[in-house]
Amino acid sequence: MNQVVIYTDGACKGNPGPGGWGVLLQSGATTKELYGGETGTTNNRMEMTAVIQALSALKRPCAVTLYLDSQYVLKGITEWLPGWKAKGWRTAAKAPVKNAELWQRLDALVHGSGHTIDWRWVRGHNGDAGNERADALANMGVEVALGRRKPPEAQPL
């Protein structure tokens, strides 16, 4: 199985507001950078979108080490998801799960893609080179949302 290291991050200027997501993918000597943005979004949605875009960029099953600085995404995918699914996408308080459509897309990618994923939390803005680059890419995504930058061309890994 191909080994891939992924760093993801999301950014939002205002919450909600224009936001961006960034992804750094590394496999052997190959590095790919992806970013994009949306208007009227939230930081949590951009954090999730970054992971969705990263996993969607992989064209065959891979052994992934995925670094992210979002406790929301990490806990959601590794702890909360089974309960939400069992309760019909409701929280313990019986409220609808926020961002359910993104959680469902992420769930399908994680559990239906054949990837093995080692989820690793990293403290954001703390000098980790991969996380810092993903953060810079997410901010480029904000620029895309604001119409100040063109999105990069798709590059499968």
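1. A residue is called buried when its relative accessible area is under 20%, exposed when it is over 50%, and partly exposed in between. In this predicted model, Arg120 has a relative accessibility of 35% and therefore counts as partly exposed. Asp118, at 32%, also counts as partly exposed. The side chains of Arg120 and Asp118 meet in a salt bridge, with N and O 2.8 Å apart.

2. The structure holds 5 salt bridges. Another of them joins the side chains of Glu33 and Arg133 at 2.7 Å, N to O. Because Glu33 belongs to strand β3 (residues 30-41) and Arg133 to helix α4 (residues 129-145), this pair ties together parts that are 100 residues apart in sequence. Glu33 is partly exposed at 28%, and Arg133 is partly exposed with a relative accessible area of 28%.

3. Arg148 and Glu143 also form a salt bridge, their closest N and O atoms being 3.5 Å apart. Arg148 is exposed at 60%, whereas Glu143 is partly exposed at 27%.

4. Turning to the aromatic rings, a search of the whole structure finds 5 pairs. The ring centres of Tyr7 and Tyr67 are 4.6 Å apart and their planes meet at 10 degrees, so this pair is stacked. Tyr7 lies in strand β1 (residues 2-12) and Tyr67 in strand β4 (residues 62-68), 60 residues apart. Both Tyr7 and Tyr67 are buried.

5. Trp80 and Trp84 form a tilted pair, with 5.8 Å between centres and 50 degrees between planes. They are 4 residues apart in helix α2 (residues 71-86), which means a separation of about one helical turn. Trp80 is partly exposed at 34%, while Trp84 is buried at 10%. Tyr72, Trp80, Trp84 and Trp103 make up one aromatic cluster.

Key. Residues numbered from 1 in each chain as written. Predicted model: local features only at pLDDT ≥ 70, side-chain atom pairs only at ≥ 80, totals over all residues. Heavy atoms only, no water. Phe/Tyr/Trp six-rings, centres within 6.5 Å; stacked < 30°, edge-to-face > 60°. Helix = DSSP H or I, 4+ residues; strand = E, 2+ residues; numbered from the N terminus. Buried < 20%, exposed > 50% of the residue type's maximum accessible area, 1.4 Å probe, protein only. Salt bridge = Lys/Arg side-chain N within 4 Å of Asp/Glu carboxyl O.
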